[in-house]
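My entries are set down in the order of the look-ups.

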Amino acid sequence: MTEYPPISEQLDDVDAARVEGRRKMDWAAQHMPIMAAVREEFEADQPLAGERIAMAMHVEAKTAILVETLADGGAEVAVTGCNPLSTHDDVSAALDAHDSITSYAKRGVNDEEYYEAIHAVIAHEPTITVDDGMDLVAMVHEEYPELIDGIVGGAEETTTGVHRLRAMDADGALDYPVFAVNDTPMKRLFDNVHGTGESSLASIAMTTNLSWAGKNVVVAGFGYCGKGVARKAAGQNANVIVTEVEPRRALEAHMEGYDVMPMAEAAEVGDVFLTTTGNRDVVVREHFEKMKDGVLLANAGHFDIEIDLDALSDLAVETYEARDGVDAYVLEDGRRLNVVAEGRLVNLAAPVSLGHPVEVMDQSFGIQAVCVRELLENADAYGPGVHDVPDDLDREIAEIKLAAEGVEFDALTDVQREYMGSWDHGT
Ligand code: NAI
């Protein structure tokens, strides 16, 4: 075991933090009908009894409901953050009060502490890993390969994590099965699109107290997240400009009615720049040099490498904190470029950020929970590598949600099912 202490040993007034954390969790739970259904089943059936689950996720109220659900399903859970700025300490403290949960997540940790907390989680010798960004899988493989034989499998929440896992799998370096939770429809079509769209724009608006109306909003990347951001920004009367590197996505953005242009051109006209690529060096020195005074720069991609802050620091003659969560970089000619939330994923890392709406995370975490159950129920079906979430699990979560929303929908008749599955009914 490492010496890194759980959150309860790091806070001055842990009791007050636990009360506030529990209050946030209770609110979230009230709006998570999928997790309520899964929790009821898990409490009754104890499908995770005897398992040890290691988690590295954004530790805030919605995630906490997933963590508790896994613990109430019989598992011992150790959890830490997957970003130094996205933890809510009060929620982390409330989780740590649970007999079967140890939470190491703390907001504002430095790099060393961040990784120490991941070591501490892995010291619990997990049988299952649940990641958002693949930090746990990477560290287990690099530094604790002796644990791999005891690991049944894992689940990965986000696009960047799934990209890393697929690269690892292609190299033959992934030694246990991991579900690509991100890629399943009930996650990606809602969390990435609506969740990132709504919460990124809300976080920027709340942090800056500025309007979207009439602004030129440059959205870098027209993937799932970018589409959500673009659509919601347009819905608030912004002029949306899209930058892309993938021709079909660029064409899609064009046909949706957005202006599409290279970043080098967008840099000259944008008022707000929001990166959603999962790539690096998307907004760089040559772009900063062309930007207007007062622009906002924010990132909604997983890592804080989309906006080249080192280059911006080099260019700046002065920096100052313009508001809570906004750093102004003053260039030689007096132009101010304002970076929101240190270029970290803005919907979770700005001081006022709350992450995705609760309803959206109910879906994503419902999938996470049933994937963990599936790893245990059907362990033999999954060899080492990245696996798609089985379609019946995705449908199960959709049906629970529709029932909770009171939405009824049609079912195929036998004749229709037969027709759709046949090849010999021509004209
Ligand atoms: P995606 O793969 O659907 O979309 C990314 C898009 O960016 C692609 O169309 C790609 O062609 C484009 N792109 C790549 N490099 C580019 C460049 N240099 N300039 C312009 N476009 C470029 O991925 P998705 O699902 O939209 O996720 C994007 C990122 O957001 C990932 O890092 C993911 O982990 C993260 N994410 C963040 C969330 C949040 O809460 N902020 C929620 C879900 C995902």
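The entries below concern the ligand and its surroundings.

I worked from a predicted model, in which local features need pLDDT of at least 70, side-chain atom pairs count only at pLDDT 80 or more, and totals for chains, interfaces and linings use all residues. Residues are numbered from 1 along each chain as its sequence is written, and side-chain values use heavy atoms, with hydrogens and water left out.

Entry 1, shell. I found 27 residues around the ligand, the closest being Thr158, Thr159, Thr160, Glu244 and Ala300; a residue is near if one of its heavy atoms lies within 4 Å. Domain 1 (7-187 + 356-405) and domain 2 (193-349) each give at least three residues to this shell; the domain bounds come from an automatic or database assignment.

I noted a polar side-chain atom of threonine 158 at 2.7 Å from a ligand oxygen atom. For threonine 159, a polar side-chain atom also lies 2.7 Å from an oxygen atom of the ligand. Histidine 302 places a backbone N or O atom 3.0 Å from a ligand oxygen atom.

The ligand alone exposes 870 Å², of which the protein buries 89% (Shrake-Rupley method, 1.4 Å probe).

Notes:
Polar contact = N/O pair within 3.5 Å; in protein donor to acceptor, adjacent residues only side chain to side chain.
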